[in-house]
Amino acid sequence: MPDERVFPGPSPAQADTLNAWRELFESKHSQDFKALKGTDCLEQPIFPFVVDYRDIDQDDVLSLYFNETPVDTIELANEVLRTMVAEYEVSDIRCILRPLALPAERTKQISSLRMRNRGKIVSSIVRIKDVGPRLGYLQEALYVCARCESREFIKQKIARERKRPEGPCQICYEKAMEAFEGKVPYGVYERLRSSMKLTAEGSFYKDIQYLSVSDIDDSSGQPIWVVIDDEYVDAYNIGDTIRINGVVQIDPVPDRNFTKDTRRILQIHAFSIEGL
Ligand SMILES: [Zn+2]
């Protein structure tokens, strides 16, 4: 029987974005990949891939999607970097896009952030008031079918309930469809669904950390939380002044008591940090 399963490819917008990132990396950063070849013994297998924000801004496709859906667009850049690292045969190094030098109009005071800023890119000079512990967060969970060992990766979100595969194992489901001639009983369907088990090995954990920050000239003002990740974790101390470039989000942790102050439930997910 021919294999008729169709794997969804990238959407046209995603395909355009992937191509645009690749063109940018090939035209402006081929030296970075060459330099990476000799760096097998880095202390941590992470390479901050610094890109000038002006290069992103000058590209019609990238500037559109980076401003519209920054988180997804950065993720696509990291996907291209992963592929290119493999092509350049750089072993075991994970490149992470770190766009720097945002235009002046992105600079915002922490105290000026409101709900309407959510999803927007901001650049803020802040003082660190508190540093949270290093946290391991499950970024990508690997589920394996207990019956046929087929695998499915499920992307996870910070501080949210863990997401499972939506349906049962596809391979076992197709077998059941054949066996039951197109009408899989509910009980069988549920058993197939629960046969997808989370596996620690192969799941991907990422280091994150929360920084409590406020404007430098506003030490009595309400601080907000900034989420930082990877090489930025454990790199900063209370009292440090830094520039945070990131995306404004709503704090998904609901158990803090700050219903009267809407600023308090906003947080920034940093995609790059500049020391000052
Ligand atoms: Zn299966």
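**View 1. Tyr232 and its contacts.** Tyr232 touches Ala270 and Ile273, not counting residues up to four places away in sequence. The model shown here is predicted. Tyr232 sits in the loop that links S7 and S8. Is this residue buried or exposed? Tyr232 counts as buried, because 22 C-beta neighbours lie inside 10 Å and the threshold for burial is 20 or more.

**View 2. Asp234 in the loop between S7 and S8.** Asp234 belongs to the loop between S7 and S8, where Tyr232 is also found. Its backbone is worth a look. Phi of Asp234 is positive, near 65°, and the residue is not a glycine. How many C-beta neighbours does Asp234 have inside 10 Å? There are 12, so Asp234 counts as exposed. Tyr232, by contrast, counts as buried.

**View 3. Strand S9 and its two partners.** Strand S9 covers residues 266-275. Seven of its ten residues are buried, so S9 is largely enclosed by the rest of the structure. Strand S7, residues 224-229, runs parallel to S9 and is joined to it by three bridges. Within this pairing, Val227 has His269 of S9 as its bridge partner. Strand S8, residues 241-250, pairs with S9 in the antiparallel sense, over nine bridges. Here Asn245 is bridged to Ser272 of S9. In a regular strand, side chains alternate between the two faces of the sheet.

View 4. Strand S4 spans residues 135-145 and strand S5 spans residues 151-155. In which sense do S4 and S5 pair? They pair in the antiparallel sense, over five bridges. Then follow the chain between the strands. Five residues lie there, and Glu149 takes a positive phi near 65° in this hairpin.

**View 5. Ala101 between S2 and S3.** Ala101 lies in the loop that connects strand S2 (94-100) with strand S3 (121-131). Its phi is positive, about 60°, although Ala101 is not a glycine. Ala101 is partly exposed, because 15 other C-beta atoms lie within 10 Å.

**View 6. Helix H1 against helix H4.** Two packed helices are described by the angle and the distance between their axes. For H1 (residues 12-28) and H4 (residues 60-68), the axes come within 9 Å and cross at roughly 120°. That angle makes H1 oblique to H4. The crossing is left-handed. Which residues of H1 and H4 make the contact? H1 contributes Ala13, Asp16, Thr17, Ala20 and Leu24, while H4 contributes Val61, Leu62 and Tyr65. By class, this contact of H1 with H4 has six nonpolar residues, one polar and one charged.

**View 7. Leu24 in helix H1.** Leu24 is placed in helix H1. It counts as buried because it has 20 C-beta neighbours inside 10 Å. What does Leu24 contact, leaving aside its neighbours within four places in sequence? The answer is Asp55, Asp59 and Leu62. Leu24 and Asp55 are 31 residues apart along the chain, and their C-alpha atoms are separated by 7.8 Å.

**View 8. Helix H1 against helix H5.** H1 also meets H5, residues 70-87; the two axes come within 9 Å and cross at roughly 55°. That makes H1 oblique to H5. The crossing is right-handed, whereas that of H1 and H4 is left-handed. On H1, the contact is made by Gln14, Thr17, Leu18, Trp21, Arg22 and Phe25. On H5, the contact is made by Thr73, Leu76, Ala77, Glu79, Val80 and Met84. By class, the contact of H1 with H5 has seven nonpolar, three polar and two charged residues.

**View 9. The chain as a whole.** Step back from the close-ups. The chain has seven helices and nine strands. Of its 276 residues, 24% are buried. Among contacts between residues at least 6 apart in sequence, 70% join residues at least 24 apart.

Notes:
Residues are numbered from 1 along each chain as its sequence is written. This is a predicted model: local features need pLDDT of at least 70, side-chain atom pairs count only at pLDDT 80 or more; totals for chains, interfaces and linings use all residues. Axes are lines fitted to C-alpha atoms, for helices over the stretch in contact, and angles run from 0 to 180 degrees between N-to-C directions. Helices (H or I, at least four residues) and strands (E, at least two) are DSSP runs, numbered from the N terminus. Angles under 35 degrees count as roughly parallel, over 145 as roughly antiparallel, 65 to 115 as roughly perpendicular and the rest as oblique. A crossing is left-handed if the near helix is turned anticlockwise from the far one by less than a right angle, and right-handed if clockwise. Two residues are in contact if their C-beta atoms, placed from the backbone, lie within 7 Å. Ala, Val, Leu, Ile, Met, Phe, Trp, Tyr, Cys and Pro count as nonpolar, Asp, Glu, Lys and Arg as charged, and the others, Gly among them, as polar. Two strands pair if DSSP finds at least two bridges between them.
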